[in-house]
Amino acid sequence: MDSYIKLVNQSQGRDRVFRATQYACALLRHLLRNHAARREVLEKLRRVESNMSSGRKLFRLGNTVSSISAVKQTMHLSDPMLQLCLTSTHLIRALYFVCDNILWAQSVGLLHSINKECWSRAASRCYLISLVLSLARDVYFFAQVTAWAAQMMEHQKKPLQPKSKAGEAACYPLLGSCIPALIYKGLKNNPPLILDALKNICDLFIPLDTLGIYETSPGMVGLCGLLSSFIGILTLLKPNLKLTP
């Protein structure tokens, strides 16, 4: 109960709960789509999904300022690759939130003369670019784990003098068989990287489907959104599982 209270007391926590509910409804609607007798249930799920989406847009009204503030912090990172990826990600997210806020204003009747489809596609493009940049950061961290594995392999090589030819092969471990094990060990000791990469990969299917780049099914989109939402909730409840910076 304490964890739930801690979660819903945060704006990000409420957004994650609403997001999980939204995509759970999308997944259930897809699974029940062929049941004609459950039309009333399908309609209720559709309304809940729509309300969750609208509620999330309301929660995100101030996120443009937060993203711009985050840019000021990431610009001072010492690692050039992280500086580029994170700064670009926050800038693109700021643009995404601008598009999202305009769509919210249109949905509540504050704006009338806008092209909803155009702004929706612009928001999806910004969302897709931000995910690609986030995945680039994950790949960069993975490359560091691989480099660490190679260094560990070099340190483990000991030029022992074998007593016989039979023992010579045993003195020098095979590089190809050891590096995958060391990479696995490095990833096992870095669960934030695994969770962040999995979350970004799941989220990637959403804008790809919306933009028609890689069309899947509403069920697949709902499942991916639900999984990424659960990961987001987990990282909020356990901040040590969140990838930083």
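Which residues make a nonpolar surface patch of about 270 Å²? The answer is V108, L110 and L111, and the sections below place this trio within the rest of the protein.

## About the model

This is a predicted model, in which local features need pLDDT of at least 70 and side-chain atom pairs count only at pLDDT 80 or more, while totals for chains, interfaces and linings use all residues. Residues are numbered from 1 along each chain as its sequence is written, and side-chain values use heavy atoms, with hydrogens and water left out.

## The overall picture

The protein has 10 helices and zero strands. Here helices (H or I, at least four residues) and strands (E, at least two) are DSSP runs, numbered from the N terminus. Read from the N terminus on, the elements follow the order α-α-α-α-α-α-α-α-α-α.

Of the 245 residues in the protein, 38% are buried. Buried means under 20% relative accessible area, exposed means over 50%, and partly exposed lies in between (1.4 Å probe, protein chains only). The accessible surface comes to about 14900 Å², and 62% of it belongs to carbon and sulfur atoms; such areas come from the Shrake-Rupley method with a 1.4 Å probe, and for residues only the protein chains shown count as cover. Among contacts (heavy atoms within 4.5 Å) between residues at least 6 apart in sequence, 71% join residues at least 24 apart.

## Inside the protein

In soluble globular proteins, nonpolar side chains tend to be buried together. A nonpolar core is a set of buried Ala, Val, Leu, Ile, Met, Phe, Trp, Tyr and Cys residues joined through side-chain atoms within 4.5 Å. The largest one here has 21 residues, and Y96 and L204 touch the most other members. Two or more residues each come from helix 2 (11–31), helix 5 (80–107), helix 6 (116–156), helix 9 (191–210) and helix 10 (218–237). Helix 6 gives the largest share, six residues.

Leaving aside residues up to four places away in sequence, Y96 touches R60, A123, C126 and Y127.

## Charged pairs

Side chains of opposite charge can pair when their charged atoms come close. Counting a salt bridge as a side-chain nitrogen of Lys or Arg within 4 Å of a carboxyl oxygen of Asp or Glu, the total is 12 salt bridges. One of them pairs R60 with D15, with the closest N and O atoms 4.0 Å apart. R60 lies in the loop between helix 3 (39–59) and helix 4 (63–74) and D15 in helix 2, so this pair ties together parts that are 45 residues apart in sequence. R60 is buried at 7% relative accessibility, and D15 is also buried, with a relative accessible area of 8%.

Another salt bridge joins D100 and K57, whose closest N and O atoms are 3.0 Å apart. Because D100 lies in helix 5 and K57 in helix 3, the pair ties together parts that are 43 residues apart in sequence. Both D100 and K57 are buried. D196 and R137 form a salt bridge too, with their closest N and O atoms 3.4 Å apart. D196 lies in helix 9 and R137 in helix 6, so the parts tied together are 59 residues apart in sequence. D196 is buried, with a relative accessible area of 15%, and R137 counts as buried at 9% relative accessibility. Salt bridges that share partners join D15, R16, R56, K57, R60 and D100 into one network.

## Back to the surface

The patch from the opening question is made by V108, L110 and L111. Patches are made of residues with over 30% relative accessible area and no salt bridge, with like charges joined within 9 Å and nonpolar side chains (Val, Leu, Ile, Met, Phe, Trp, Tyr) within 5 Å. L110 lies in the loop between helix 5 and helix 6, and L110 is exposed, with a relative accessible area of 59%.

## A tryptophan and the chain end

W148 is found in helix 6 and counts as partly exposed at 30% relative accessibility. Not counting residues up to four places away in sequence, W148 touches L182, K185 and G186. The C-alpha atoms of W148 and G186 are separated by 8.0 Å, although the two residues are 38 residues apart along the chain.

P245 belongs to the segment after helix 10. The peptide bond from T244 to P245 is cis, with omega near 0 degrees.
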